[in-house]
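Work through the exercises below with the sequence and the structure open. Each task is followed by a solution in steps.

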Amino acid sequence: MKTHWSSRDAWTVSVLAFMMLFLEATLFSTLLFTHTYLIAMQAIALALLGIGLGSIAGYIYSRKIGQGLALASLLGSLFSIIAIFLNISLLPETITYSPVMVLPFLFGSAYISNVISKGDSGKIYFFDLAGAACGVV
């Protein structure tokens with residue numbers, strides 16, 4: 001199968017995978033410290049929801065969206081991460097009902113799914129796992 005992705009796509013996938021797993025670990029630790037264990041576990045569930053929804057969206061729109069998806073995913077992830085930590089600090093009682101907790105995972109996963117659906121998924125999946133492993137460490 002012919003590949004349709006560039007090395008920039010591979011590095012963007014690595015950065016987004018790093019960001020998603022690092023954010024998930026940071027959110028779990030932060031919410032475990034500031035809230036209860038149940039709320040911290042709910043953050044992981046919301047992250048998994050975002051990853052699942054983003055994968056579906058990335059696959060559906062893989063043929064329709066052009067090169068602007070990388071920039072939109074990175075900027076959307078950045079702004080939603082800022083919104084998450086503002087939500088935790090300013091409105092801590094609404095953290096369990098906040099849809100903003102899903103957004104960075106949705107944006108990141110949509111881009112990763114889009115790149116994987118372009119072809120030669122084994123190599124891109126390597127960069128995805130490498131970035132995710134660095135994020136967890």
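Contact means heavy atoms within 4.5 Å. The model is predicted: local features need pLDDT of at least 70, side-chain atom pairs count only at pLDDT 80 or more, and totals for chains, interfaces and linings use all residues. Residues are numbered from 1 along each chain as its sequence is written, and side-chain values use heavy atoms, with hydrogens and water left out.

**Exercise 1.** Find which residues Ile84 is in contact with, leaving aside its neighbours within four places in sequence.

Solution. Step 1: with those neighbours set aside, the partners of Ile84 are Leu23, Leu27, Val100, Met101 and Pro104. Step 2: Ile84 is also listed with Leu27, Leu31 and Met101 as touching the most other members of the largest nonpolar core, which has 28 residues. Such a core is a set of buried (under 20% relative accessible area, 1.4 Å probe, protein chains only) Ala, Val, Leu, Ile, Met, Phe, Trp, Tyr and Cys residues joined through side-chain atoms within 4.5 Å.

**Exercise 2.** Determine how α1 and α2 are oriented to each other.

Solution. Step 1: helices are DSSP runs (H or I, at least four residues), numbered from the N terminus. Step 2: the axes, lines fitted to C-alpha atoms over the stretch in contact, with angles from 0 to 180 degrees between N-to-C directions, come within 7 Å and cross at roughly 160 degrees for α1 and α2. Step 3: α1 and α2 are therefore roughly antiparallel, the term for angles over 145 degrees. Step 4: Met20, Glu24, Phe28, Leu31 and Leu32 of α1 meet α2 residues including Tyr37, Ile44 and Ile51.

**Exercise 3.** Determine how α1 and α4 are oriented to each other.

Solution. Step 1: their axes come within 10 Å and cross at roughly 150 degrees. Step 2: α1 and α4 are therefore roughly antiparallel as well.

Definitions and conventions. Buried < 20%, exposed > 50% of the residue type's maximum accessible area, 1.4 Å probe, protein only. Helix = DSSP H or I, 4+ residues; strand = E, 2+ residues; numbered from the N terminus. Parallel < 35°, antiparallel > 145°, perpendicular 65-115°, else oblique.
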